[in-house]
Structure formats: C-alpha cells, structure tokens
Amino acid sequence: MQSRFQDNFVAPNLSDPRLASKRAYRMMIDGRSVDAQSGETITRESPGHRGKVIGEWPAGGAADAELAITAARRAFDTGARPRMSGAERSTILHAVVAKILDHVDELGLIECLETGKPLEQAKGEIGYCADLWSYAAGMSRGLEGATHNNIGENRLGLVLREPAGVVGIITPWNFPFIIVSERVPRAPGAGCTVVVKPSEFTSGTTIRLAELALEAGLPAGVFNVITGYGPAVGQVLAEDPRVDVLAFTGSVRVGTALAGLAAAGVKRVGSELGGKGPQIVFADADLDAAADGIAYGVYHNAGQCCISGSRLLVENSIRQPLLERVLELSRKLPFGDPLGAATRFGAMVSRNHLEKVASYVAAGVNEGAELLLGGDMVDAKSGNFFLLPRFSTRCAPTWPSPERKSSGRFWPPLVSTRPRKLSLWPMARHLASRPASGRADLENAIQTTRKLRAGRCWINSVIDGTPELPIGGYKKSGTGRELRRFGFDEYSQFKGLHMILGRGQPRFQHS
Ligand code: NAD
C-alpha cells in the first residue's frame, strides 16, 4: 500500500460485535418461510471482513421458482390483492413504510455487511426506500385510466387500467434494497403479484422486506422471494408462461439473454442494464463544487453504481486546476472498513470483481493511460476486498476497450480523457462559447442535456434520485421506465372499451 493512503485507510475491525453472528434466512413462498427443496444453501462472507460469514440463504432452484410462480399466479387469479380498492392497496403499502422505518438499523446493517458499502450510507438508503414505498402507497390510490368523451355524439370511450398479472423481478447486488423498493411497491400497488429473485450475493434485505410486508398485511402469495443462482432461478422467471412481466436489473449480457427468452413467449420485459456516463464541466464552473461532485459521482458505492460518472470531460482552460482538486479529494477519501464511522468508500463486492477491475486498470496502463492516483488492491491478500480510489488520465477515448466495457465499467476508477473525437464535445464547447447572458450557465447545461441520449441527467448535481422522477435507460441501458407514474404503467394493462350510446348506426344495410 502506498504510504500516503495509510492515514485514510480505515482498517477492518474483525472483532466488531456486529460481525459475531450469522443470520440465517429462508425464502418466502405463499406467505411461508421455506428452505430450498434441495436443502442447499449459499453462505455470504462480508466482503470487508475476512472470514466473517454474516448470512446464509437457500440455494433455490427451478422447482422452487415454479412453486413461487404457482403461488403468485393463484394470488393474482383468485386472491384478494388484485380485487382490492385503491384505498385498501394504499393502506397496506403505508403499513409497509412504517415497518421499514422501524427497522432502519437492522436493514442498514445487513445491507452494509452483504454489499460492503459504508454503514451510514446503507442506513440512508433504507430511509430513502421508505420514501419510495410511501410515494407508491399514495399513488396506488390515484391510479386511473382515461375517458374519451369526444369521439362522437353517441360514442364513449374508456381506457381501463388493469393489473398486468404476475411479475418476475430479478435484482443485482449493488443496491439490493433500493432496486427492489423501486419495483415491488408499484407492482402490488397496481394490483399485481410478484416473485423476486435477489442477487446470490445480497439476498438478506429482500427476504426481510417480504417478511415485513407480510406482517404489514400484504396477503400471502403477493410478494414471494426465491434466492439462488441466476441461471437456476432467473431463467425460469423469463421462460415460464405464467409470468406476465419480467423486470430485470443487471448486466447487459444477462439482460439481453433473458429478453431473448422472454420474447419467445411474447412476455413484456422492462430492463435496467449497464449505465454510467460522463461528467461534463464547463469553464465557468465553481471548481470546488465541481470537484466535490466529480469525486462523489465516481466513488459513491465504490463506483459500483449504474449511474456513476466514470468519465470526465473538462474544458481545457480549467482542466489542470480541476484535476488537482479532484486528486486532492481522492487522496483524502476515507476508505476501508464498511462498519467504520468515518468510511466513505467501502469494499468491492467480491474478490472476483476486485481482481477483474484491477486487471482492467493494469490493461489500461499498458495501453498508455497515465495513472495519477491509486495502484494496488489494498488488503486483498488478507481477504478484504478494498481498492484504492483511482484516477487516470491521458487515456484514449475508447479505453477500456469495448469488450471490457459491459462489466469493467462497474468500478471506481475515474478516467479523464481529452475527448476531441467524442461527438458530444464540439457541441458542448459550442454551447459554452456562446455569448454570455444572465442565465448562461444554466442555459448551456440545459441545452447540452437536451442533446444527450441518456435517461438520467443532473445539472449541478450527481447521483441524485427521488420517486417523482423516472429512471431508465436509452440505447443499451435498458427498456421501460421505473418510478413516478411510469413505474405503475410498467405493471398495468390498458384496455380500450368502446361504447355506443343508444342504438348505433347499422353496420350493414338491412333490406
Ligand atoms: P448480473 O447481470 O450478473 O446479475 C443480475 C441478476 O441476474 C442477479 O440476481 C443474478 O443472479 C441474475 N442472473 C445472473 N445470470 C443469470 C442468468 N443466466 N439467468 C437469469 N438470471 C441471471 O449483474 P450484477 O453483477 O448482479 O450487477 C451488476 C450489473 O447491474 C452492472 O452491469 C450494472 O450496470 C447493472 N445495474 C444496472 C442498474 C440500472 O438501473 N440500469 C442498476 C444496478 C445495476
């Protein structure tokens, strides 16, 4: 480890009492807690605390997934939830909000230990999820269709909103509780039932959420959870014709494969796939604020965010002073023990992922990148998965090479390029050089944003979120939209009802 980092490395405390016990979980099928039929389990070691097993859940398989789908199908076809009024649906979702708020400490700790993210961040995320559920609870009461009272004197058209059916939800490991909370409340909020398959690395909080939802009054069979490895469980959700909608969040590779399987059954698919993007800084920026945003944008969640800003596009005139500020912040970033009170940058999710990222950085350096900061996998030999904050420059705009992009970009390195070849840059520079007006900064930013083919943009901010604004991707970042009302639409069907008032015109002449 380079000496200049020793002050801000928070060494893991393996005797922390919060690591003392392993939590054992069971899957949730039809309101009952069950083991896998095979009896096999998956154990999870804290990625930030070598040798500490902190969770164990069933390694479910296809037969378990089929049972869960049967339960969800029955709950949809004959159960109470789809038939409840909006008010009743909403009341139960509000009760789930109260349960989440009562369990912030417990859920935050589980999330921290399974993902490796800092504890305070994890608790903040649980609080945010209560808000996601709360917004969904309110909106589920106000879901409406439409009327068309202008289609002719004796005609009336109604658009009936109906629940879409059984929804299969597959989630990744980086934000397990946030991603399940973006999707689940909207599906039962619209009257659907769900089968959720969380990541095999981070299943604890999803199981606890299903248990809390049951306690809060969500009927049995509405919220089922199957844990296990992806191909064994996830594929069943994509292929089984009893599942009406598949909502997948994860890698482009798996997402496109599952979408292909679902397409064979003409199944609706919503997908949130690889993301990431540039952080663009114009010459008139407040450099301290910009540096802070850049560092947060790339290092939050150890860079394991689909919305991280991993590329930096800076106007030449401010490039040097801005890079110095970002470097300074990067050097000071407290990283290490996820349970450490000061830690802002925790562990990578697994050794495999850590080594993959490190190998991409090494390959980038071989290809000519200048590494300004960072170098080693800290503490990896002892089994803790920490990576120094990294910052490279002088990379070709295409680095890392395209075949490494899909998973390799799920990482903390920040790359600053001189993007002469990027089509965005001439446009951004052109806008930035327009004569100043009273609203010049915002105007440039908004005009640039309008040109971006991206589902989420920020101005003077980064990695911000609220249930009022949609999330979803352009191009290979996915299909469909979550949050806001769009999230409910993903889990609704819209039926056109045509009515003739009185006696309609004969369609065929009667002789
Ligand atoms: P992943 O695709 O490996 O796994 C995601 C989920 O799919 C997991 O539950 C996994 O068990 C399951 N899965 C894996 N293989 C499967 C298969 N063959 N059939 C069915 N299911 C399978 O992704 P990950 O490594 O868990 O997460 C990281 C990825 O998620 C990154 O690429 C990141 O960009 C993406 N992500 C996107 C968003 C977004 O909103 N766009 C949010 C978070 C993460």
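**Conventions**

I worked from a predicted model in which local features need pLDDT of at least 70 and side-chain atom pairs count only at pLDDT 80 or more, while totals for chains, interfaces and linings use all residues. Residues are numbered from 1 along each chain as its sequence is written, and side-chain values use heavy atoms, with hydrogens and water left out.

**Entry 1: the whole protein**

I looked up the secondary structure and found 16 helices and 23 strands. Helices (H or I, at least four residues) and strands (E, at least two) are DSSP runs, numbered from the N terminus. Of the 511 residues in the protein, 53% are buried. Here buried means under 20% relative accessible area, exposed means over 50%, and partly exposed lies in between, with a 1.4 Å probe and protein chains only. For contacts (heavy atoms within 4.5 Å), I took pairs at least 6 apart in sequence; 74% of them join residues at least 24 apart.

**Entry 2: helix α2**

I checked the length of α2, residues 86-102. Its 17 residues should span 24 Å at 1.5 Å a residue, and the end C-alpha atoms are 25 Å apart, which agrees. The expected span is 1.5 Å times one less than the number of residues. Which residues of α2 are buried? I list Arg89, Ser90, Ile92, Leu93, Val96, Val97 and Ile100. They cover an arc of only 165 degrees around the axis, so they sit on the same side of α2. The arc is that of the directions from the helix axis to the C-beta atoms. On the other side of α2, Thr91 and Asp102 are exposed. The buried residues pack against α3 (104-115), α4 (119-141), α5 (176-183), α6 (186-189) and α7 (204-215).

**Entry 3: Val96**

I selected Val96, which lies in helix α2. Its relative accessible area is 0%, and Val96 therefore counts as buried. Not counting residues up to four places away in sequence, Val96 touches Trp133, Leu209, Ala213 and Ala216. I also recorded a C-alpha to C-alpha distance of 8.6 Å between Val96 and Leu214, which are 118 residues apart in sequence.

**Entry 4: Glu125**

I turned to Glu125 in helix α4. Is Glu125 buried or exposed? Glu125 counts as buried because its relative accessibility is 7%. Its side chain makes a polar contact with the side chain of Gln121 at 2.8 Å. A polar contact is a pair of N or O atoms within 3.5 Å; within protein, one must be able to donate a hydrogen and the other to accept it, and residues adjacent in sequence count only if both atoms are side-chain atoms. Leaving aside neighbours within four places in sequence, I found Glu125 in contact with Lys117, Phe175, Ile178, His300 and Asn301.

**Entry 5: the ligand**

A backbone N or O atom of Thr171 lies 2.7 Å from an oxygen atom of the ligand. A polar backbone atom of Gly230 is 3.4 Å from a ligand nitrogen atom, and one of Gly250 is 3.4 Å from a ligand oxygen atom. The protein covers 86% of the 840 Å² of accessible area that the ligand has on its own.

How values were computed. Accessible areas come from the Shrake-Rupley method with a 1.4 Å probe; for residues, only the protein chains shown count as cover.
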